[in-house]
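Thanks for making time. I have one structure to go through today, and I will start with a term before I get to the details.

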Amino acid sequence: MEDATRRTQHKPRRWGTVIKRKDDDGNIIAYVARYVNPLDKSKKIGKQFKPEYEAQAYAWLDEEHYLVILHEKGIQQWVPPSERGKKQGNDSLMTFEEWTRTYFKKYKEKHGRMRGRTMRRTKLAVGRLMPYFRTMTLNEITEEEVSKWRRTAKKRYLPRMVTRRRRSCSNV
């Protein structure tokens, strides 16, 4: 009966493994999730999780499996987990213009069309941002770049806004 409790209670996986690491007393001290490197089959990629994070080990393995599938289908280049933080993921290669189009496409699918004021204000905001950020990739848009844009935007857009307000006040 005791042997049955020591066995892994998860079904065998088709892709990757999660291994229990035990100390000399038989207590679980960590879970190690691993899989074969898709670029070099002689190497394995792994990540260690604390005993209370068993579910995260399986979730991580599932996410990695998805990335490997994308690589095998030629959709996205696989990057080892240790190098992903440096590249900031695939979205960082997307330009601001591409991201904007994708955002509004997903918004439309989820909420339907934008109505009245929301549409006008959004078009106004995007119209002001697009000339400056259009060709920048998302990882190039830093706090410093936004500050530069704000300085130029104040010079370009603020005088018109002030003039409009004066006109509307003078009509009263």
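A nonpolar core here is a set of buried Ala, Val, Leu, Ile, Met, Phe, Trp, Tyr and Cys residues joined through side-chain atoms within 4.5 Å. Buried means under 20% relative accessible area. Bear in mind that this is a predicted model.

The largest nonpolar core has 13 residues. Those with the most contacts inside it are Val18, Ala33, Tyr35, Phe49, Ala57, Trp60 and Leu61. Which elements give two or more residues to this core? They are β2, residues 28-36, β3, residues 44-49, and α2, residues 54-72. The largest share, five residues, comes from α2. As background, nonpolar side chains in soluble globular proteins tend to be buried together.

Take Leu61 as an example from that list. Leaving aside residues up to four places away in sequence, Leu61 touches Arg13, Trp15, Gly16, Thr17, Val18, Ala33, Arg34 and Tyr35.

There is also a second, separate core, of seven residues. Phe96, Phe133, Trp149 and Ala153 are among them.

Now the overall layout. The chain has six helices and three strands. Reading from the N terminus, the order is α-β-β-β-α-α-α-α-α.

The sheet is open, has three strands in the order β1-β2-β3, and its pairing is antiparallel. Which strands stand at the edges? β1, residues 17-22, and β3 do, and each has a single partner strand, so one side of each is left without a neighbour in the sheet. From one strand to the next, the twist averages 25°.

Looking at one pairing in detail, β2 and β3 run antiparallel and are joined by six bridges. Ala33, which we met in the core, stands opposite Lys47 in β3.

How does the helix sit relative to the sheet? α2 lies across β1, β2 and β3, and runs at about 10° to β2.

Last, the totals for the chain. Of its 172 residues, 22% count as buried. As for contacts between residues at least 6 apart in sequence, 42% join residues at least 24 apart.

That is what I have; I will take questions now.

Definitions and conventions:
Residues numbered from 1 in each chain as written. Predicted model: local features only at pLDDT ≥ 70, side-chain atom pairs only at ≥ 80, totals over all residues. Heavy atoms only, no water. Helix = DSSP H or I, 4+ residues; strand = E, 2+ residues; numbered from the N terminus. Buried < 20%, exposed > 50% of the residue type's maximum accessible area, 1.4 Å probe, protein only. Contact = heavy atoms within 4.5 Å. Pairing = 2+ DSSP bridges. Axes fitted to C-alpha atoms, helices over the stretch in contact; angles between N-to-C directions.
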